[in-house]
Amino acid sequence: MCRHDSVDDVSHLVCGKCYAPVCIFNKLHLAILRANVKRCKARILVVGAGAAGCELAFCLEARLRRAGVAPRIVVATSEPELMAGSTSAVRRRIAALARARGIESRTRTRILRVGPGAAHPDAGE
C-alpha cells in the first residue's frame, strides 16, 4: 500500500511499489524540511535499488544538502549490487556516484519491516 497523500510524519514512511514517485518525492522532501531536521541528521532508508530507488536516493541527497541538511541515506537491496538489472558499466558508475555522495548501500539485505527509528532485515543479516 502506498500512502502518498499524507506524509506529515516523517519518523518512518513505508511505500511499497508506489507508482507516484514524483508525488512521493516532493511530499517527502517538504515534510523533512518542515520537520526542521537541520538540528539533527536526517536518516533515510530507501528499500530497493532499481532505477526508481537509486533516483530517489540521489535526488533526496542533493535537495537536502542544498537546504543545509546533512542526510544519512542508505539504499537496501536483496540483490548483490545496486541497479542489478543494468549493464555492468551502469552498475559500476552508480556505485561510484553513491560512494562519492555518501550514500551507503546494503546489498544482499532483505528488509522485512520498517517502523519508527528502525528497519528490520531478514534473520541473519
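**A strand pair and its surroundings**

A: Arg43 has Arg72, in strand E2, as its bridge partner. This is a predicted model, in which local features need pLDDT of at least 70 and side-chain atom pairs count only at pLDDT 80 or more, while totals for chains, interfaces and linings use all residues. Residues are numbered from 1 along each chain as its sequence is written, and side-chain values use heavy atoms, with hydrogens and water left out.

The Arg43 pairing belongs with strand E1 (residues 43-47), which runs parallel to E2 and is joined to E2 by five bridges. Two strands pair if DSSP finds at least two bridges between them. Strands (E, at least two residues) and helices (H or I, at least four) are DSSP runs, numbered from the N terminus.

E2 spans residues 72-76, and because four of its five residues are buried, the strand is largely enclosed by the rest of the structure. Buried means under 20% relative accessible area, exposed over 50%, and partly exposed in between, with a 1.4 Å probe and protein chains only. Across the 125 residues of the protein chain, 30% count as buried.

In E1, by contrast, Leu45 has 34% relative accessibility and therefore counts as partly exposed.

Buried residues of H2 include Gly53, Ala57, Leu60 and Leu64. Seen down the helix axis, the buried residues of H2 fall within an arc of 165°, so they line one face; the arc is that of the directions from the axis to the C-beta atoms. Ala51, Ala52, Glu55 and Arg66 are exposed on the face turned away from that side. Just after H2, Gly68 takes a positive phi of about 90°.

Further along, E4 (residues 111-115) and E5 (residues 118-121) run antiparallel and are joined by four bridges. Gly115 has Ala118 as its bridge partner. Two residues lie between the strands of this hairpin, and Gly117 in the turn has a positive phi of about 75°.
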